[in-house]
Amino acid sequence: MAESTRPVRELAARVDALGESFGGALCLDFANSVEPRGDTAADGAGTPRLRQDFNDGYDLVAWGLRQQLYGNEQAERLWRLAGDRRRADPVLRRTRVLSDLTYRIFGALADGRRPDASDLGELQQAYGEAVRTGTMSITPTGPAFDWPEPDLRIVPRAAAVSAFDTLRAVGSSKIKICPGAGRDGIPCGWLFIDSTKNGSRRWCSMSDCGNASKSRRQNDRRRTRRSDHRFT
Ligand SMILES: [Zn+2]
């Protein structure tokens with residue numbers, strides 16, 4: 001595995017590149033791993049995209065750190081595992097499938113539709129695996145699961161638990177889908193929780209998709225700003 005491990009100093013740059021999150025729940029940020037998302041609701045098929053958060057095992061490590069699933073020490077241990085492509089690639093594929101699945105389920109709810117039963121079945125399986133392998137603790141906001149062993153599957157596991165928690169805790173009426181027009185007319189399609197009292201939030205981000213002059217350059221601006229974002 002050592003021969004392909006990238007220098008750990010690249011970790012901070014990967015975290016920076018992820019930029020801001022707009023979903024309001026880990027599972028929605030996880031679903032928003034593709035930009036734009038508007039054309040991928042049905043089957044997750046590849047079309048021109050500005051960004052895919054999960055391109056290799058190292059991205060998984062950075063994503064988990066960005067979401068504070070672990071600290072720097074654990075991230076560095078995971079970084080070394082990410083260099084082993086035989087282990088990392090299946091987790092990466094699984095993560096992308098689960099991200100698309102999560103997007104379909106919450107996208108259906110945002111659209112006022114019932115999620116597909118087979119999608120729910122798959123989420124149930126992922127949730128079951130996550131709970132079975134996790135260590136439960138009680139936090140001020142309720143039970144939580146942790147995966148203390150270095151394992152690249154932490155991100156998809158945490159996403160499955162977050163999806164279940166969010167489905168239970170947040171009413172479907174609060175799940176919304178951003179109508180922002182992305183490049184080449186592909187809608188932004190990102191999901192978010194509308195926590196305004198009067199349900200008035202419309203955009204994933206006011207300064208990006210909510211900008212009245214939605215020029216074709218908006219995504220360039222977003223990307224620039226995201227790459228400027230400093231992880232603290
Ligand atoms: Zn948007």
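1. In the protein chain, 68% of the contacts with a separation of 6 or more are between residues 24 or more positions apart, two residues being in contact if their C-beta atoms, placed from the backbone, lie within 7 Å. This is a predicted model, in which local features need pLDDT of at least 70 and side-chain atom pairs count only at pLDDT 80 or more, while totals for chains, interfaces and linings use all residues. Residues are numbered from 1 along each chain as its sequence is written.

2. The protein chain has eight helices and six strands, taken as DSSP runs (helices H or I, at least four residues; strands E, at least two) and numbered from the N terminus. Of its 232 residues, 39% are buried, that is, have 20 or more other C-beta atoms within 10 Å of their own.

3. Helix 5 (residues 85–110) and helix 7 (residues 154–169) have axes that come within 10 Å and cross at roughly 15°, the axes being lines fitted to C-alpha atoms over the stretch in contact, with angles from 0 to 180 degrees between N-to-C directions. The two helices are therefore roughly parallel to each other, a term for angles under 35 degrees. Helix 5 contributes Arg-94, Thr-95, Leu-98 and Thr-102 to the contact, and helix 7 contributes Val-155, Pro-156, Ala-159, Ala-160 and Ala-163.

4. Strand 3 (residues 135–139) lies largely in the open, because the number buried among its five residues is zero. Five bridges join strand 3 to strand 4 (residues 142–146), and the two run antiparallel; Thr-135 stands opposite Asp-146 in strand 4. Strand 3 and strand 4 form a hairpin, with two residues between them.

How values were computed: Parallel < 35°, antiparallel > 145°, perpendicular 65-115°, else oblique. Buried ≥ 20, exposed ≤ 12 C-beta atoms within 10 Å, placed from the backbone. Pairing = 2+ DSSP bridges.
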